Amino acid sequence: CKQAIQAQTTLPAGAKGKLEAICAKAASGDQTAVRKAAEEVCEEVVNNSAVPAGAAKEQALAACKGKG
């Protein structure tokens, strides 16, 4: 999880720190925490990406929640 975050050169340092904290929560092994962490990481990546606001971003965020 952390390696994937560090490989993202376009994420701001603050976002990377937040995502690493989410990874630590997921490392607890709790399946619910892992699923929630994956959703949060996905949303953070989408929100910090070049995906323009509007339908495309909404679709990407819905996919993060498994609804897309």
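These notebook entries record what I looked up in a predicted model.

**Conventions.** I number residues from 1 along each chain as its sequence is written, and my side-chain values use heavy atoms, with hydrogens and water left out. Because the model is predicted, local features need pLDDT of at least 70 and side-chain atom pairs count only at pLDDT 80 or more, while totals for chains, interfaces and linings use all residues.

Entry 1: Buried means under 20% relative accessible area, exposed over 50% and partly exposed in between (1.4 Å probe, protein chains only).

**Entry 2: Cys23 and Ala38.** Leaving aside residues up to four places away in sequence, I find Cys23 touching Cys1, Lys2 and Ile5, where contact means heavy atoms within 4.5 Å. From Cys23 to Ala38 I note 15 residues in sequence and 8.2 Å in space, C-alpha to C-alpha. Ala38 belongs to helix 3 and counts as partly exposed, at 46% relative accessibility.

**Entry 3: helix 2 with helix 3.** The two axes come within 8 Å and cross at roughly 165°. Axes are lines fitted to C-alpha atoms, for helices over the stretch in contact, and angles run from 0 to 180 degrees between N-to-C directions. Helix 2 and helix 3 are therefore roughly antiparallel, a class for angles over 145 degrees. On the helix 2 side I list Ala15, Lys18, Leu19, Ile22, Lys25 and Ala26, which meet Ala33, Val34, Ala37, Glu40, Val41, Glu44 and Val45 of helix 3. By class, this contact of helix 2 with helix 3 has nine nonpolar, no polar and four charged residues. Ala, Val, Leu, Ile, Met, Phe, Trp, Tyr, Cys and Pro count as nonpolar, Asp, Glu, Lys and Arg as charged, and the others, Gly among them, as polar.

**Entry 4: helix 3 with helix 4.** The axes of helix 3 and helix 4 (residues 55-64) come within 8 Å and cross at roughly 165°. That makes helix 3 roughly antiparallel to helix 4. Glu39, Cys42, Glu43, Val46 and Asn47 of helix 3 form the contact with Lys57, Ala60, Leu61 and Cys64 of helix 4. I class the residues of this contact as five nonpolar, one polar and three charged.

Methods
Helices (H or I, at least four residues) and strands (E, at least two) are DSSP runs, numbered from the N terminus. Angles under 35 degrees count as roughly parallel, over 145 as roughly antiparallel, 65 to 115 as roughly perpendicular and the rest as oblique.
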